[in-house]
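Please consider the predicted model shown below.

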Amino acid sequence: MTDDMRRPGGTAPRGRDESPKERADRRWAELLQEVRVAQTGVQILFGFLLTVVFQPRFGELSDTDTNIYLATVVLGAVTTGALIAPVSFHRMVTGRRLKPQMVEWASRLTFVGLVFLLCTMASALLLILRVALHNAIALWIVAGLVLWFVLCWFVLPAWARRDSARAATD
């Protein structure tokens with residue numbers, strides 16, 4: 001690599017001609033868009049979950065289904081906390097010249113939120129399908145759906161990253 005292709009400080013470019021501050025700004029804007037999508041889904045799911053306990057049939061749930069419901073509500077709250085955390089993080093450190101670090105932490109919190117969203121979805125689906133189907137097939141359907149979510153949310157992106165890294169070394 002020639003000297004004129006290097007960035008100030010001797011680092012190689014990452015595919016865009018942007019400063020570290022510009023990169024942090026771009027990554028923050030992208031992360032906010034991603035979080036908005038996830039937050040909307042979580043808020044709808046969590047709002048629905050909060051109303052279930054006030055339904056007349058709630059008292060008819062078995063102890064197992066009641067425990068699944070409680071676990072689902074707690075998971076929904078944890079998910080909401082993790083996916084809203086980047087906003088709080090930004091508000092607490094704004095103006096302190098910590099945007100690159102903030103973007104890293106916010107990205108990690110978003111990933112944790114997605115993992116908890118997977119758990120919340122699985123738990124909510126298990127409860128709904130157990131009540132609707134009254135048999136063990138519910139567990140198999142949920143297992144298949146969890147595999148689908150894992151494939152879409154984690155495996156395919158990891159595969160794309162691996163292929164990209166492999167192509168960069170070729």
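The account begins with the basis of the model and then turns to the helices.

This is a predicted model, in which local features need pLDDT of at least 70 and side-chain atom pairs count only at pLDDT 80 or more, while totals for chains, interfaces and linings use all residues. Residues are numbered from 1 along each chain as its sequence is written, and side-chain values use heavy atoms, with hydrogens and water left out.

Helices here are DSSP runs of H or I with at least four residues, numbered from the N terminus. Helix H1 covers residues 20-52, a run of 33 residues. From its first C-alpha to its last, H1 reaches 47 Å, close to the 48 Å expected at 1.5 Å a residue; the expected span is 1.5 Å times one less than the number of residues. Among the buried residues of H1 are Trp28, Leu31, Val35, Phe46 and Leu49. Buried means under 20% relative accessible area, exposed means over 50%, and partly exposed lies in between, with a 1.4 Å probe and protein chains only. The cover over the buried residues of H1 includes helix H2 (63-93) and helix H3 (99-133).

Leaving aside residues up to four places away in sequence, threonine 110 touches Leu31, Val35, Leu83 and Pro86, where contact means heavy atoms within 4.5 Å.

The interior can also be read through its nonpolar cores, each a set of buried Ala, Val, Leu, Ile, Met, Phe, Trp, Tyr and Cys residues joined through side-chain atoms within 4.5 Å. The largest nonpolar core has 16 residues, of which Leu49, Phe58, Tyr69, Val73 and Val142 touch the most other members. H1, H2, H3 and H4 each supply at least two residues of this core, and H3 gives the most to it, with five residues. Another core, of seven residues, lies apart from it and has Trp28, Leu31, Val93 and Val103 among its members.

What of the charged residues? Side chains of opposite charge can pair when their charged atoms come close. A salt bridge is a side-chain nitrogen of Lys or Arg within 4 Å of a carboxyl oxygen of Asp or Glu, and by this rule the count comes to seven salt bridges. In one of them, arginine 130 meets aspartate 65 at 2.4 Å, N to O. Arginine 130 lies in helix H3 and aspartate 65 in helix H2, so the pair ties together parts that are 65 residues apart in sequence. Aspartate 65 counts as buried at 8% relative accessibility, whereas arginine 130 is partly exposed at 29%.

Glutamate 30 forms a salt bridge with arginine 26, the closest N and O atoms being 3.2 Å apart. Because these two residues are four residues apart in helix H1, about one helical turn separates them. Salt bridges that share partners join Glu18, Arg26 and Glu30 into one network.

At the surface, Trp148, Leu151, Val155, Leu156 and Trp159 form a nonpolar patch with about 480 Å² of accessible area together. Patches are made of residues with over 30% relative accessible area and no salt bridge, with like charges joined within 9 Å and nonpolar side chains (Val, Leu, Ile, Met, Phe, Trp, Tyr) within 5 Å. Valine 155 is found in helix H4 (residues 137-169) and is partly exposed, with a relative accessible area of 39%.

Notes: Areas by Shrake-Rupley, 256 points an atom, 1.4 Å probe, with all protein chains shown as cover.
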